[in-house]
Amino acid sequence: MRITRLVCQHCGATLSGLGQDKLFFCSNCGKGWVLGETGLEPVQVQCRASADSHLPLPFWMVRATVHVLKRTVRNEFTATMLTFSSRYEDDVLTAKKTETGGHADKRTFLFPAFPVDGLPGIGVALSEHIHDLPEILDIEEDRPDLCGGLISSMDAAVLARCVAVGQETAKADWLAEIEIVLSSVKSQLVILPCSQEVEKVDVAKTGVSFFRRSVQSWDEIVDYHSNRT
Ligand SMILES: [Zn+2]
């Protein structure tokens, strides 16, 4: 068992957070750290929440090249459904599809750095609103206090791919098969000011929200912030 001292490798301040956190923000010097296989590794930070934000939450912003190796779309799927018997017959379907792929593009993904039900879908919605985020703050002194960053950078790379697949399935066609690979993956910790409504949590100015009850550690996160203000 490896024991890592959770102190900022830059200034030596104790890094605070919840018991299982893997992603940290030093509220003393503003550096970001993620717990990797060999201990704490530095991570770039975009702080978009001020010190007086009541509910600053951690998000991953992942930039990557998305290679769509193969994308197969069924044609005339509704017509096929009518002629489709209860037994699976591959030859009914095989002729009626279009295969594309072999292209790549650069994308930026934004999604929660804490487990939440339906995370890929929330990621698809948030990634569309990256231009609506509050501006990056120059965090010279007043820094927010962060907790709840449970998703490591390795898991973030996997989740970025899930969001990319989600973007493909969200297109208005009958997607049958998709092969996607991500390369040149670069991840940043983004701190966003969120607000709690009755049942939902609004993410900054994006218009995207999620249910409080879909976050397992929600009560712990809220307790953490209410004890500190
Ligand atoms: Zn520090």
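**Exercise 1. Determine where Ala 204 lies and whether Ala 204 is buried or exposed.**

Step 1. Ala 204 is located in the loop between β8 and β9. Strands here are DSSP runs of E with at least two residues, helices are DSSP runs of H or I with at least four residues, and both are numbered from the N terminus. The model is a predicted one, in which local features need pLDDT of at least 70, side-chain atom pairs count only at pLDDT 80 or more, and totals for chains, interfaces and linings use all residues. Residues are numbered from 1 along each chain as its sequence is written.

Step 2. A residue is buried if 20 or more other C-beta atoms lie within 10 Å of its own, exposed if 12 or fewer do, and partly exposed in between, with C-beta atoms placed from the backbone. Ala 204 has 23 C-beta neighbours inside 10 Å, so Ala 204 counts as buried.

Step 3. Ala 204 is not a glycine, although its phi is positive, at about 40°.

**Exercise 2. Carry out the corresponding analysis for Ser 184.**

Step 1. Ser 184 belongs to strand β7.

Step 2. Ser 184 is exposed, because 9 other C-beta atoms are within 10 Å.

Step 3. Ser 184 has a positive phi of about 45° and is not a glycine.

**Exercise 3. State how strand β3 pairs with β2 and with β7.**

Step 1. Two strands pair if DSSP finds at least two bridges between them.

Step 2. Strand β2 (residues 32-36) and strand β3 (residues 39-47) are antiparallel and share five bridges. Gly 32 stands opposite Val 43 in β3. With two residues between them, β2 and β3 form a hairpin.

Step 3. The pairing of β3 with strand β7 (residues 174-196) is parallel, over four bridges. Cys 47 has Ile 191 in β7 as its bridge partner.

**Exercise 4. Explain why helix α3 is described as largely enclosed.**

Step 1. Helix α3 comprises residues 119-127, and seven of its nine residues are buried, so the helix is largely enclosed by the rest of the structure.

Step 2. The buried residues are Leu 119, Ile 122, Gly 123, Val 124, Ala 125, Leu 126 and Ser 127.

Step 3. The elements that cover these buried residues include β6 (103-112), α4 (153-169), β8 (200-203) and β9 (208-211).

**Exercise 5. Describe the surroundings of Gly 148.**

Step 1. Gly 148 is in the loop between α3 and α4. Gly 148 counts as buried because it has 26 C-beta neighbours inside 10 Å.

Step 2. Two residues are in contact if their C-beta atoms, placed from the backbone, lie within 7 Å. Leaving out residues up to four places away in sequence, Gly 148 touches Leu 18, Asp 21, Leu 57, Pro 58, Phe 114, Ser 217 and Ile 221.

Step 3. Pro 58 is 90 residues from Gly 148 in sequence, yet the two are 7.1 Å apart in space, C-alpha to C-alpha.

**Exercise 6. Identify which residues touch the most other members of the largest nonpolar core.**

Step 1. A nonpolar core is a set of buried Ala, Val, Leu, Ile, Met, Phe, Trp, Tyr and Cys residues joined through C-beta atoms within 7 Å.

Step 2. The largest such core has 56 residues, of which Phe 59, Trp 60, Phe 111, Ala 160, Leu 189 and Leu 192 touch the most other members. Strand β4 (residues 55-74) supplies the largest share of this core, seven residues.

Step 3. Apart from residues up to four places away in sequence, Leu 192 touches Arg 48, Ala 49, Leu 57, Phe 59, Leu 133, Val 203 and Ala 204.
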